[in-house]
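Open your viewer and follow along, one selection at a time. Each stop tells you what to pick and what you will find there.

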Amino acid sequence: MSAAPSRSATFSAAGPLSGCVAVPGDKSISHRSLMLGAIALGETVVDGLLEGEDVIATATAMRAMGATIERDGAGRWHIHGVGVGGLLQPATALDMGNSGTSTRLLMGLVASHPITATFIGDASLSKRPMARVTVPLSLMGAEFTASPGDRLPLMVRGLCPAVPIEYRLPVASAQVKSAVLLAGLNAPGITRVIEPVPTRDHSERMLRGFGADLVVEEGADGARIIALHGEAELRGQPIVVPGDPSSAAFPVVAALLVPGSDVTITNVGMNPTRAGLFDVLRAMGGSIEALNPREAGGEPVADLRVRHSVLRGIEVPPDVVPSMVDEFPILFVAAALAEGRTVMRGLEELRVKESDRIAVMARGLAACGVRLEELEDGLIIDGSGGGPIGGAGGVPTIAAELDHRIAMSFAVAGLASRHGVRIDDMAPVATSFPGFSALMASLGAIEREDAV
Ligand code: S3P
């Protein structure tokens with residue numbers, strides 16, 4: 001559950017959006033900074049950490065397992081780790097809130113330590129499947145007692161020494177890959193993860209940065225083979241976290257959709273395993289310029305200048321899905337305003353995110369008068385051709401289902417709507433994008449908080 005009380009709000013059509021803003025730090029990199037810092041020896045100093053609820057859940061859990069973690073001004077955090085193998089038994093259940101990444105990656109860390117931990121979470125997280133991580137981690141020797149359907153609350157009993165395994169990912173999931181690699185850090189010998197479809201590679205980049213012996217090769221079938229030598233010794237690092245492309249996605253699409261807009265978002269992470277949305281929007285005719293490309297903290301970053309554009313529907317190639325898996329809700333909104341038909345398939349993983357993102361987006365867009373067809377693995381959307389969306393009967397109310405990205409997607413839809421779009425609860429936005437409302441308002445967005 002989001003720590004904040006629920007808060008409904010209506011977003012409505014604004015004049016052109018303009019300005020230059022920076023989005024908060026990358027969520028995936030922030031989680032990994034805290035986790036790797038907590039099991040490294042020496043000090044890790046992080047700049048630009050995302051101070052959202054999901055990442056704070058990771059920090060609280062790592063403290064409960066022995067790490068010293070202190071905040072020293074906005075986004076700057078100091079971590080003193082316990083060393084690989086040094087995690088302590090937490091005294092109470094680890095509350096993961098809304099965060100699937102915290103849960104699955106930490107299950108990997110606990111799996112190869114001689115400790116037992118219980119994971120609990122909010123209503124959304126408690127519905128999400130955990131078998132994808134309990135299956136490989138059981139092969140490594142960990143024991144699990146889960147709620148029906150392999151869900152939270154769930155208890156993990158780690159094994160030390162754990163058994164290193166070779167594991168071929170049955171789903172394209174960076175969380176599963178990372179859980180196995182993190183468990184492998186404290187297992188003797190080599191743990192191998194075979195990834196038929198590449199997913200975000202922050203774990204690999206950061207493990208190497210912390211000094212792990214990790215090699216990536218291409219298999220005969222083109223799969224990525226990641227080999228990690230266990231009983232690793234990690235050394236604390238300075239880390240600079242780039243802006244989260246998954247958060248930048250919202251002002252980017254807002255600027256494309258609102259006529260006359262011209263917006264720059266600075267310091268956006270452009271790792272190719274994350275930046276698929278920007279390529280797809282460009283293929284739809286979106287004007288997105290990557291200015292001043294550079295490297296920061298071992299990741300490519302750039303400033304994005306985005307101008308209002310007439311978008312055209314396309315068929316989105318399914319092989320881009322892993323590089324924009326979190327961005328489909330906002331792409332659906334862009335498609336709803338495009339000329340013609342956008343076909344998006346291969347999205348079955350969206351059904352097990354913070355909500356069933358295909359069903360929840362389809363319901364919400366239909367309430368906004370958008371013509372669409374829901375498929376088992378995607379959506380086909382017939383766009384408005386740039387005209388404002390919105391049902392005939394006034395302001396539609398969208399149920400965000402405790403899903404931050406659904407709430408932000410419909411906030412953007414509201415900016416391109418006839419009468420406004422009301423979101424039943426904006427509180428979950430704090431899990432990944434604290435300051436979303438203020439940032440959008442600074443660009444010229446109109447948000448009216450509803451009286452309770
Ligand atoms: C993440 C991986 C993705 C993504 C999530 C963050 C990560 O999940 O949806 O928001 O940090 O590894 P899957 O790996 O399950 O697709």
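Before the first stop, a term: a polar contact is a pair of N or O atoms within 3.5 Å; within protein, one must be able to donate a hydrogen and the other to accept it, and residues adjacent in sequence count only if both atoms are side-chain atoms. You are looking at a predicted model, where local features need pLDDT of at least 70, side-chain atom pairs count only at pLDDT 80 or more, and totals for chains, interfaces and linings use all residues. Residues are numbered from 1 along each chain as its sequence is written, and side-chain values use heavy atoms, leaving out hydrogens and water.

**Stop 1: the ligand**

Now zoom in on Gln175: one of its polar backbone atoms is 2.9 Å from a ligand oxygen. At Ala174, a backbone N or O atom lies 2.8 Å from an oxygen atom of the ligand. Lys353 uses its side chain, with an N or O atom 2.7 Å from a ligand oxygen. Taken alone, the ligand exposes 380 Å², and the protein buries 96% of that (Shrake-Rupley areas with a 1.4 Å probe).

**Stop 2: an open sheet**

Next, colour the strands E4, E5, E3 and E14, which form an open sheet in the order E4-E5-E3-E14 with mixed pairing. Strands here are DSSP E runs of at least two residues, helices are H or I runs of at least four, and both are numbered from the N terminus; two strands pair if DSSP finds at least two bridges between them. E4 (68-71) and E14 (238-240) each have a single partner strand, so one side of each is left without a neighbour in the sheet.

Pick E3 (residues 43-47) and E5 (residues 77-80): they pair in the antiparallel sense over 4 bridges. Here Glu43 stands opposite His80 in E5.

**Stop 3: two cis bonds**

Go to Pro153 in strand E9 (residues 151-157). The peptide bond from Leu152 to Pro153 is cis, with omega near -10°. Another cis peptide bond joins Cys160 and Pro161, with omega about 0°.

**Stop 4: positive phi**

Finish at Glu231, in the loop between strand E13 (224-229) and E14. Although not a glycine, Glu231 has a positive phi of about 50°.
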